[in-house]
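The points are grouped by topic.

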Amino acid sequence: MSDASHEGAAAGAPGPTTPSWAEPAPPDPRRWWGLVVIAIAQLMVVLDATIVNIALPSAQRDLGISDANRQWVITAYTLAFGGLLLLGGRIADLVGRKRTFMVGLVGFAVASGLGGAATGSGLLFGARALQGAFAALLAPSALSLLTTTFTIGKERSKAFGIYGAIAGGGAAIGLMAGGLLTEYLTWRWCLYVNVPVAVIAFAGAAVFLRDKPERDRVHLDVPGVVLGCGGLVAIVYACSEAQPRGWGDGLVVGLLAGGVLLLGVFAWWQTRARHPLLPLHIVRNRNRGGAFLTMGLAVIALFGMFLFMTYYLQTVLGYSPVKTGLAFLPMVAAIVVGSTQISARLLHRIPPRFLMVPGALLAAVGLFTLRFLTAAPAYVSHVLPAMLLVGLGMGLTFMPVMATATSGVAPHDSGVTSATVNTAQQVGGSIGTALLNTIATSTSATFIASRLADAARRSAGAGLTPAVRDGIVKSGVVHGFTVAIGVGSAIMVLAALVAGLMVNGRPPQQGPMPAADSAESADAAV
């Protein structure tokens, strides 16, 4: 008998009847205002992973942060966020999604204010870690609120279309906002801006969001928390350290091995725990598992593109922070169109993979286009078409991925399921940034060394002029970017392959999980 069956028996529910939680509640007339609140909060969480990127040089100068430590402004956030997501999702199931959402908003606002007022690097790093911890409460509770609020076909597709646009475009919006705030105000406003946004979202949540906690069906698996969160923290930290240290460094290898070991023990424990942190029938479901994997692979390639295009536009083409941020605007627009105008209109009519596969392939073509970048200005001819293709592809992909991953899940598991989606996104982003950056820097170094040696031989001892040397260095940097983006394009093709082979379900169900979608049927779908 499965865990789901045990729970049903414990509740005294007759076997063949549909459980009470599977009966759709009447739609809340305030649900669309609730979607606005959820969207605002989710956008705040997603863009905060990148909003400080462009502001980082200013913050480093202002606070006297060393080059070796500056990465912690980014890493502290992603480490806490990615490592604590499973715990945050289960807390949402335990104490209530709305309550967790509102606590997350308050904590995120306080942490943002502390970071903006930081007078030293330690306070800034600590504030960023607090932001990540409260984001780990916000993100899964936001997605699970969306899942339990919108259960009717077309409405669900429309809501997930908006949410998918935020998930795909939030990082790019963060780059735009960071450029504007840094250039026209100060880097501190990249953090301060969260305070009024969180206050507005908190007020909206109190009025428009509705939730019924499943306290009697959820328990906290403490050993699972230690093993699962510890493994995720180790892997995310290893990926962040791989950027400055390299993948062969002893600390990086040790952290990766330790993280994988902890997650292996975590998976073993989840088969034996009475109340598992992550019930394995959630990830063993073929369609859901395929959606998680597709998300992780797609984000690996996407975050690599954000990193390289930011450096390309600023260091190679000489764009200002504002101009760099605005250069990403077409991609954001394409994501919104793909998610809300195409995916949202088609998802309830066609199987999800009919959107995921073309979307991932379209994004792969866009990334491959960037393989032909040169050090000469090429925004209109190369960057713009690539951004439009990648944006449209991500809009087609992210929305059905999230809808599929959260479809047919019992309310008492919606928080941890939503957390798993966000974990795939965060871990994929961390791996992608580190992996592709390592490929880019090593390729650039080899290219530059070879070309400088050739140029020195041709000069016959006359020496290289600064202009020639700078030209070689700039060409080498771009070459490294194009090689790494080419790898990202191949990873995106792999995401399309995974979606095509694993996600074989019909259009997402119109309401909460039916009784048939128990642990047994999920296992049978593998």
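How many residues does helix α17 have, and how far does the helix reach from its first C-alpha to its last? Helix α17 (residues 379-406) has 28 residues and reaches 38 Å, close to the 40 Å expected at 1.5 Å a residue; the expected span is 1.5 Å times one less than the number of residues in the helix. The model is predicted, with local features needing pLDDT of at least 70 and side-chain atom pairs counting only at pLDDT 80 or more, while totals for chains, interfaces and linings use all residues. Residues are numbered from 1 along each chain as its sequence is written, and side-chain values use heavy atoms, with hydrogens and water left out.

**Overall architecture**

- The chain contains 20 helices and 0 strands; helices (H or I, at least four residues) and strands (E, at least two) are DSSP runs, numbered from the N terminus.
- Of the 526 residues in the chain, 56% are buried, where buried means under 20% relative accessible area, exposed over 50%, and partly exposed in between (1.4 Å probe, protein chains only).
- Among contacts in the chain with a separation of 6 or more, 86% are between residues 24 or more positions apart; a contact means heavy atoms within 4.5 Å.
- The chain has an accessible surface of about 20,400 Å², and 68% of that surface belongs to carbon and sulfur atoms. Accessible areas come from the Shrake-Rupley method with a 1.4 Å probe, and for residues only the protein chains shown count as cover.

**Helix α17**

- Helix α17 is mostly covered, with 20 of its 28 residues buried.

**Nonpolar cores**

- The largest nonpolar core has 116 residues, of which Phe 101, Leu 146, Met 309, Tyr 312, Phe 328, Met 394 and Met 492 touch the most other members. A nonpolar core is a set of buried Ala, Val, Leu, Ile, Met, Phe, Trp, Tyr and Cys residues joined through side-chain atoms within 4.5 Å.
- Helix α13 (residues 286-316) gives this core its largest share, 16 residues.
- Apart from this core lies another, of 16 residues, including Val 52, Ala 59, Val 73 and Leu 124.
- Met 394 is in contact with Ala 298, Leu 302, Ile 335, Ala 363 and Met 492, leaving aside its neighbours within four places in sequence.

**Buried helix positions**

- Ile 166 has its place in helix α7 (residues 153-184) and is buried, with a relative accessible area of 11%.
- Not counting residues up to four places away in sequence, Ile 166 touches Ala 39, Gln 42, Leu 43 and Val 46. Ile 166 and Leu 47 are 119 residues apart in sequence, with 9.1 Å between their C-alpha atoms.
- Thr 438, in helix α18 (residues 414-458), counts as buried at 18% relative accessibility. Thr 438 touches Ala 242 and Trp 247, not counting residues up to four places away in sequence.

**Partly exposed positions**

- Val 233 is found in helix α10 (residues 222-245) and is partly exposed, with a relative accessible area of 30%.
- Not counting residues up to four places away in sequence, Val 233 touches Leu 79 and Gly 83.
- Ile 350 lies in the loop between α15 (329-346) and α16 (353-369) and is partly exposed, with a relative accessible area of 23%. Ile 350 and Arg 506 are 156 residues apart in sequence and 7.1 Å apart in space, C-alpha to C-alpha.

**Nonpolar surface patch**

- Val 106, Val 110, Leu 114, Leu 123, Leu 130 and Phe 202 form a nonpolar patch on the surface, with about 470 Å² of accessible area together. Patches are made of residues with over 30% relative accessible area and no salt bridge, like charges being joined within 9 Å and nonpolar side chains (Val, Leu, Ile, Met, Phe, Trp, Tyr) within 5 Å.
- The elements giving two or more residues to the nonpolar patch are α5 (97-116) and α6 (121-149), and α5 gives the largest share, 3 residues.
- Leu 130, located in helix α6, counts as partly exposed at 37% relative accessibility.

**Salt bridge**

- The count comes to 1 salt bridge, defined as a side-chain nitrogen of Lys or Arg within 4 Å of a carboxyl oxygen of Asp or Glu.
- Asp 62 forms a salt bridge with Arg 188, their closest N and O atoms being 3.3 Å apart. Asp 62 lies in helix α3 (residues 56-63) and Arg 188 in the loop between α7 and α8 (189-192), so the pair ties together parts that are 126 residues apart in sequence.
- Asp 62 counts as partly exposed, at 45% relative accessibility.
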